[in-house]
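Hi everyone, thanks for coming. Let me put today's protein up on the screen, and then we can walk through its charged residues together.

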Amino acid sequence: MNANQFLKAVSQLQGWRECAFLLALAERSFPNYALFAEAVGLKTGGKMRQLLDLGWESLQKDTSEAAIPQLLTKLEGLCPNVEDYDAYGVYPAFDFCQLLEQALLNRLNPDKHRASDASALATKTVMDFVELSEGEELEESELVNLFEHHPLLKEDKIFQRDLVLALKRQRVPREEFIAELREQAANGGVSNLGIALDG
């Protein structure tokens, strides 16, 4: 699957498949939020984990429409304001919040396509991190080269492509399929930035 085929496949995701795609992107970036919260002394990691779990549960059972705005309000309360922190970690944490918000909004308004923007956002989180950690002094052409060959960006690409292919093949959101998807997205607690939750 080349880049154009991937973009087309993402743009065609609908219904539960699109929601599962958004949740999987959020799941992969959850450690970025949890580790940031821990680092700055926010006691919000557990609450955010519950919120993400409720998002996954909404795929399996009909969540009442009234419940989604409540979840969105909770998410807003747990989302860090990037201007309040000097730490770089606030940006990947905020990106995670945006991904989860898109997944919840998908349940509220499934007709609005969100997967393409979310896919780009998830990749941009990785690109920004790579540029900050390894690309500060590089010329533009060198930076492009760094992005093309960087293992974190390769992993992000493979993860997203595999995700789309799995969703395209699956006809209904069976419990075991969603559980498998979640586990792959969770990646043993290692995020798309290659940082890991302890335990």
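Let's start with a question: does lysine 124 count as buried, partly exposed or exposed? At 44% relative accessibility, lysine 124 counts as partly exposed, where buried means under 20% relative accessible area, exposed over 50%, and partly exposed in between (1.4 Å probe, protein chains only).

A quick word on the source: this is a predicted model, where local features need pLDDT of at least 70, side-chain atom pairs count only at pLDDT 80 or more, and totals for chains, interfaces and linings use all residues. Residues are numbered from 1 along each chain as its sequence is written, and side-chain values use heavy atoms, with hydrogens and water left out.

Back to lysine 124, which forms a salt bridge with aspartate 128, the closest N and O atoms being 2.8 Å apart. For a salt bridge, a side-chain nitrogen of Lys or Arg has to be within 4 Å of a carboxyl oxygen of Asp or Glu. Both residues sit in helix α6 (residues 115-134), four residues apart, about one turn of the helix. Helices here are DSSP runs (H or I, at least four residues; strands would be E, at least two), numbered from the N terminus.

Now for a network of salt bridges: it links Glu27, Arg49, Asp53 and Arg182. Glutamate 27 pairs with arginine 49, with closest N and O atoms 2.9 Å apart. Glutamate 27 is in helix α2 and arginine 49 in helix α3, so this pair ties together parts 22 residues apart in sequence. Glutamate 27 is buried, at 5% relative accessible area, while arginine 49 is partly exposed at 22%.
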